[in-house]
Every structure is written in C-alpha cells, then in structure tokens.
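This report describes one protein chain for a reader who has the sequence and the model at hand. Please keep both in view while reading.

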Amino acid sequence: MKTFLLVLIFPIFVIAQTSVQKGKTFLESKQFSKAEKELKLFVDNNSDNLEAIELLGDAYGHQKKWDEAATAYKRLVKAKPNNANYHYKLGGALGMKALSVSKISALGIIGDVKSSFLKAAELDPNHIEARWALVELYMQLPGIIGGSKKTSLKYANQLENLSKVDGYLAKGYIYEYDDEPELAEEYYLKAIKVGGSLTCYEKLTELYTKEDQPDKAVANMEAAQIKHQRNSLHYQIGKVCADYNVQLDKGERCLKVYIQNYSAKDGVPKAWANYRLAQIYKHKKDSTNALKYINLAISELPDIEVFKDFKDDL
C-alpha cells in the first residue's frame, strides 16, 4: 500500500520540481517572459508553493511589471509575515512602481514602501539589503514626507556594524548625495582600503568625474586595474582621457590595449574604443588618425549618430 501511494505522489512531485526548476533556469538565462509563462501556469494550479510564487514575482520584476510583482510578494508576506526577505522584495517592487508613476501617485505608495523596508530590517537585524534600501530612501525623500539625513546615517551606522565596506559605501553615498564631496571621498577611500572590490573603486571614480577631477579618476582606475586586472578598465581610462582632454598618451595606450585584448565580456563594443581614439587624435590635432578611427567606429556600428556627428565636425 505504501509503495502504491508513493507511485501516485511521485509524478506530482516531479512535475512540481520540473516547473520550478525550469522557471529558475529561465530566470538565470534572462529569459524572463518564458519564466513568467512557466511559473504562472504552475502557480495557478499550486497556489501554496511559495518558492514558485517568489520566482514568479522575480520574473515580473525583471520585466518591470511592478504591480504584478507586488501582488506576488504580498501573497508571500501574507503566508509568512515574519519572513524579512519577503517584506524587502515587496518594498522593492512598490518602490520601483513609485518611481514609474507621477509624483502625486507616488505619494500614496511611499508609506507602504517605507513600512516594508522597516519591517524587513526589524525582522532580520543582519539584513544588509533592507538597510541599504532605507539609507537611499531616507536620503531621496523630501523632508516634508519623511526624508531625513539623520535617519539615513542611522541605517548606515547599522550597516557599518554588519559590514565595514557597506557602511563606508553607504556613508559615501549619503555625503555625495548631500553635496559634501570631501566627506564622500573620505568614506569611499575607506571602503577601498577595507574591501577593495571593483564596486568600491567605481564609486570613487564616479565621484571624481562628477566633481570634474579627471586626473584623480584616472589614477583611481589605474589602481583598480592593478588590483583587479580588468580589460574594461582600459576603456574607462581612455574614455576619461578623451572626454576631458587629459593624459592623452596614456588614454591612447589604454584604448589600444583594450582593443587588442577585447572580448564580449568587456561589455563596451570596440567601436566605442575607436571613437575615443578618434577623440584623442582630434585633441592632438592629428586629423588623419582621427578620421581613420572614426571610420573604423562607423564601419562597426553604422547607426550611432554620435559617430556621424563627430566625423562631420572633423
């Protein structure tokens, strides 16, 4: 009898595993509409499978279907109200919806966004993502509807207790947002010293370019390249040199290294490196090479208007 029951149950178990696994595979390969189709059909017939509901919510979110994502995450919160990550995901979906609607409509959503993130942080004292969300939320909200630098710093301090790197990056973000670049630089440098991830370097580079300090940006990217050995950084160095007309020989060398070692994982197509080389040669008053490289860029990506405009101006 026991064996007979197992035979009956096993096919249902296999179907469930297959559908959920297919959904996961589609999500991992960024086939979000296929993931949605697979998971929705399964969830419609298995309304108590929380893993499938969560994956469906994720599939909606990746497609910017914020209402549908929020509905899925609300089901999770209702089923397990003490799960911090469900509250965090709900807050994220509602927050993204608030960004996609008018400011007046967003006002009616912000309260739910805030309460979801606060609940996630309350339920899990180690939830780093929820605290990051609160740091950003309290900085970006106007004071009249609850925005507060002081509160944002409170959650940055909590992050620092959990992870020095996250705490320093959060404080860098706060001071950068509040137009205090010296303090932002101080904390980004601390993040680099303690963690040294590519993200830490990128945040400092973005600050330097925003503050019109290209030489500092180049030096920071060079340090990142020594540590991380990423070909993509050669392009970024060349881009800053071309855009700001600084350290042109270095920019030229870096862009040629980028092109020589290029692979699809580097992200930026070679055409853009050729365009940056054309910019550098134009700065050097070398119109022959400028024309050579802009023609290469156009031959690779003929529909980019910036390339055509540059050639017309030569």
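## Contacts along the chain

Among contacts in the chain between residues at least 6 apart in sequence, 46% join residues at least 24 apart. The model examined here is predicted, and every value below was computed from it.

## Overall form

What kinds of secondary structure does the chain have? The chain has 17 helices and zero strands. Its C-alpha atoms fill a box of roughly 85 × 50 × 40 Å, with the sides taken along the principal axes.

The radius of gyration of the chain is 25 Å, whereas a compact globule of 314 residues would have a value near 20 Å. Of the 314 residues, 43% count as buried. The accessible surface of the chain comes to about 17,400 Å², and carbon and sulfur atoms account for 54% of that surface.

## The largest pocket

The largest pocket holds about 870 Å³ of space. It is lined by 32 residues, and those closest to its centre are Gly95, Met96, Leu99, Val113 and Leu137. By class, the lining of this pocket consists of 20 nonpolar, seven polar and five charged residues.

Which elements supply at least two residues each to the lining of the largest pocket? They are helix 3 (50-62), helix 4 (66-79), helix 5 (84-100), helix 6 (103-123) and helix 7 (128-140). Helix 5 provides the largest share of the lining, with nine residues.

Leu99, one of the residues closest to the centre of the largest pocket, is located in helix 5. Is Leu99 buried or exposed? Its relative accessible area is 65%, and a residue counts as exposed when this value is over 50%; Leu99 is therefore exposed. Between Leu99 and Ile110, which are eleven residues apart in sequence, the distance from C-alpha to C-alpha is 9.9 Å.

## The second largest pocket

About 290 Å³ of space lies in the second largest pocket. Helix 13 gives the most, with seven residues.

The lining of the second largest pocket has 16 residues, of which Glu202, Thr205, Glu206, Met221 and Gln236 lie nearest the centre. The lining divides into seven nonpolar, four polar and five charged residues.

Where is His127 placed? His127 is in the loop between helix 6 and helix 7. With a relative accessibility of 5%, and with buried meaning under 20%, His127 counts as buried. Apart from neighbours within four places in sequence, the residues in contact with His127 are Ala84, Asn85, Tyr88 and Ala120. Leu162 is 35 residues from His127 along the chain, and the C-alpha atoms of these two residues are separated by 8.8 Å.

Arg131 is placed in helix 7. Arg131 has a relative accessible area of 5%, so it is buried. Once neighbours within four places in sequence are set aside, Arg131 is in contact with Ala121, Asp124, Pro125, Asn126, Tyr155, Gln158, Leu159 and Leu162. Another pair involving this residue is Arg131 and Asp312: they are 181 residues apart in sequence, and their C-alpha atoms are 50 Å apart in space.

## The loop between helix 13 and helix 14

Asn245 is found in the loop between helix 13 and helix 14 (248-260). The phi angle of Asn245 is near 55 degrees, a positive value in a residue other than glycine. Is Asn245 buried, exposed or partly exposed? Its relative accessibility is 41%, and partly exposed covers the values between the buried limit of 20% and the exposed limit of 50%; Asn245 therefore counts as partly exposed.

Gln247 also lies in the loop between helix 13 and helix 14. Although Gln247 is not a glycine, its phi is positive, at about 45 degrees. Gln247 has a relative accessible area of 29%, so it is partly exposed.

Note on methods. Residues numbered from 1 in each chain as written. Predicted model: local features only at pLDDT ≥ 70, side-chain atom pairs only at ≥ 80, totals over all residues. Heavy atoms only, no water. 1 Å grid on protein atoms, 1.4 Å probe; cavity = no way out; pocket = protein on both sides within 12 Å on 5 of 7 lines; lining within 4 Å. Points joined across faces, edges and corners; volume = space filled by probe spheres on them. Helix = DSSP H or I, 4+ residues; strand = E, 2+ residues; numbered from the N terminus. Nonpolar A, V, L, I, M, F, W, Y, C, P; charged D, E, K, R; others polar. Rg over C-alpha atoms; globule rule 2.2 N^0.38 Å. Buried < 20%, exposed > 50% of the residue type's maximum accessible area, 1.4 Å probe, protein only. Contact = heavy atoms within 4.5 Å. Areas by Shrake-Rupley, 256 points an atom, 1.4 Å probe, with all protein chains shown as cover.
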